Amino acid sequence: MNATAGQAEVKSLADRFGVEPGMVVMEMGYDDDVDQDLRDVLIDRCGDLVDEETDEVVDVVLLWWRDDDGDLVETLIDALGPLADNGVVWLLTPKAGRPGHVEPSEINESAPTAGLQQTSTVNAGKDWTAARLVTPRAARSRR
């Protein structure tokens, strides 16, 4: 029996984030503390990340957010502007114990107020956690 029998295939971060070649990924909240390895994996998969000034419709928003970054609801609403109807916002926050940590309760309160719902979380690197936020199905048909 080989050593990997029965083990699940390990997905790359790009796979876990659902990023495919040709997708447009917008990045918000970039600073020198972001996880460069995650950025590199996503850039390798889809090409350059676009910034908040883009006129393109985007498939994914990568939003780096820290506790002192301001109003999360307003920023999430801004992220929805260029987002495709079936697009995803990945809200990246520092893990517990790291500078800028955001309490999960803030995300749980802010996402619905902005018109989003959290569907899952993933480990996004040594210092970051990512929450997957989507527009509820009922709201998509009204957009």
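Tutor: A salt bridge is a side-chain nitrogen of Lys or Arg within 4 Å of a carboxyl oxygen of Asp or Glu. The model here is predicted.

Student: What makes Arg 98 and Asp 127 a salt bridge?

Tutor: Their side chains meet at 2.7 Å, N to O. The cut-off is within 4 Å, so the pair qualifies. The pair links distant parts of the chain, 29 residues apart: Arg 98 is in the loop between strand 3 and helix 4, and Asp 127 is in the loop between strand 4 and strand 5.

Student: Why is Arg 98 called partly exposed?

Tutor: Its relative accessibility is 31%. Buried means under 20% and exposed over 50%, so Arg 98 falls in between. Asp 127, at 27%, is partly exposed as well.

Student: How do you know that Asp 33 forms a salt bridge with Arg 66?

Tutor: The closest N and O atoms are 2.8 Å apart, and the limit is 4 Å, so the pair counts. Asp 33 and Arg 66 lie 33 residues apart in the chain.

Student: Is Arg 66 buried or exposed, and why?

Tutor: Arg 66 has 8% relative accessibility; buried means under 20%, so Arg 66 is buried. Asp 33, at 32%, is partly exposed. Asp 33 and Arg 66 also belong to a network of salt bridges that includes Asp 69.

Student: How many salt bridges are found in the whole structure?

Tutor: The search finds six.

Terms used
Residues are numbered from 1 along each chain as its sequence is written. This is a predicted model: local features need pLDDT of at least 70, side-chain atom pairs count only at pLDDT 80 or more; totals for chains, interfaces and linings use all residues. Side-chain values use heavy atoms; hydrogens and water are left out. Helices (H or I, at least four residues) and strands (E, at least two) are DSSP runs, numbered from the N terminus. Buried means under 20% relative accessible area, exposed over 50%, partly exposed in between (1.4 Å probe, protein chains only).
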